[in-house]
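Student: I have a structure here and would like to talk through its ligand site. Could you walk me through it?

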Amino acid sequence: MAILPILEVPDPRLRRVCAPVGEVTDEIRALIADMFETMYAAPGIGLAAAQVDRPIRLLVMDVGDGPPDAEGRGTANPRVFINPEILEPSAETRVFNEGCLSVPEQYAEVERPARVRARWRDAEGVVHEGVLEGLAATCLQHEIDHLNGVLFLDHLSRLKRAMLLRKLEKARREKAAA
Ligand code: K1U
Ligand code: ZN
């Protein structure tokens, strides 16, 4: 397994529309393992293949709430979404202070549908359909945006986007000078 470099804005490769995945091969499964390792190391709760320079429709997510462990605590819940599609977004929306590993350490409130009915394939190629809500719904929509070359910045007003990008440049300058 390997930790892969994550592309950061303004890299034009983040703006590509990704191609559907055909057969789920061992090569794809190896990429999935690397993406989980990269996501957990970052750390993050989601990662799209586009962010690690693989322009294909694949994303991984772990927003927790897996089966409780021996102490009754919620645990990891790694999930793979191949060729995900939103079938039905809810009319109700929710606002979440989103981050993005391609826009490091910058956060902004984004409004999206609160629930989505989605269809996707898993790492075995099995088709699933289900409703995601809460953080899982927000994260799935954020990651599907990546597969379409869209960043959470694109959901902000021009002014908010410009302010956030200025903050990012300042943080990068300070880091380079340190
Ligand atoms: O796609 C990405 O860039 C990953 C992104 C996913 C995401 C976060 C918030 C809302 C929607 C989608 C991140 O994981 S940013 C980091 C983050 O949110 C986080 C990091 C450590 C602990 C908890 C959250
Ligand atoms: Zn992101």
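Predicted model: local features only at pLDDT ≥ 70, side-chain atom pairs only at ≥ 80, totals over all residues.

Student: How many residues surround ligand 1?
Tutor: Happy to start there. The closest residues are Ile45, Gly46, Gln51, Leu101 and Glu143. By class, the shell divides into 6 nonpolar, 6 polar and 2 charged residues. The number of residues that surround ligand 1 is 14.

Student: Which element gives the most residues to the shell around ligand 1?
Tutor: The space taken by ligand 1 is the largest pocket. Two elements give two or more residues to the shell, strand S4 (93-98) and helix H2 (134-147). With 4 residues, the element that gives the most is H2.

Student: What is the distance from an oxygen atom of ligand 1 to the polar side-chain atom of Glu143?
Tutor: Let's take the polar contacts in turn. A polar backbone atom of Ile45 is 2.7 Å from an oxygen atom of ligand 1. In the side chain of His142, an N or O atom is 3.2 Å from an oxygen atom of the ligand. For the polar side-chain atom of Glu143, the distance is 2.6 Å.

How values were computed: Residues numbered from 1 in each chain as written. Chains lettered and ligands numbered in written order. Heavy atoms only, no water. Near = heavy atom within 4 Å. Polar contact = N/O pair within 3.5 Å; in protein donor to acceptor, adjacent residues only side chain to side chain. 1 Å grid on protein atoms, 1.4 Å probe; cavity = no way out; pocket = protein on both sides within 12 Å on 5 of 7 lines; lining within 4 Å. Sits in = over half its atoms within 2 Å of the grid points. Nonpolar A, V, L, I, M, F, W, Y, C, P; charged D, E, K, R; others polar.
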